Amino acid sequence: RGLSPHPTAWTEMQEPEKDPVTIKIFFADKTGSKGLKPGEIYCDGKKLLMTGTGSGDLRIRELQTPGAKRMNTEEFLRGHEIKPGSWFL
């Protein structure tokens, strides 16, 4: 893990009535605040996936789920619907 050419952050995404899913985050940008609480997810369903942190919001640009390839947010959202009430643990 320490010698990985692509260091990542990871979190677990909890959706209502589902088991948590581990998400690797390869690239993200800190953005201005939309008023999201830490762990709260904002998604437009097409291109934008954001989460709140203790000091602003984070726009996720590239991620990977277990058993899937690394993909940008737009590719991820084409095959995965983020349900209201989802959050990052």
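How many helices and strands does the chain have? The chain of this predicted model has 1 helix and 7 strands; these are DSSP runs, with at least four residues (H or I) for a helix and at least two (E) for a strand, numbered from the N terminus. Residues are numbered from 1 along each chain as its sequence is written. Local features need pLDDT of at least 70, side-chain atom pairs count only at pLDDT 80 or more, totals for chains, interfaces and linings use all residues, and side-chain values use heavy atoms, with hydrogens and water left out.

**Overall fold**
- The order of elements from the N terminus is β-β-β-β-β-β-α-β.
- The radius of gyration, taken over C-alpha atoms, is 13 Å, close to the 12 Å of the globule rule for 89 residues, so the chain is as compact as a globular protein of that length. The globule rule is 2.2 Å times the number of residues to the power 0.38.
- The C-alpha trace spans about 35 × 30 × 20 Å along its principal axes.

**Burial and contacts**
- Of the 89 residues, 31% are buried, that is, under 20% relative accessible area with a 1.4 Å probe and protein chains only.
- Among contacts (heavy atoms within 4.5 Å) with a separation of 6 or more, 53% join residues 24 or more positions apart.

**Aspartate 19**
- Aspartate 19 lies in the loop between strand S1 (9–14) and strand S2 (21–31).
- Aspartate 19 counts as exposed because its relative accessibility is 66%, and exposed means over 50%.
- Leaving aside residues up to four places away in sequence, aspartate 19 touches Met13 and Gln14.
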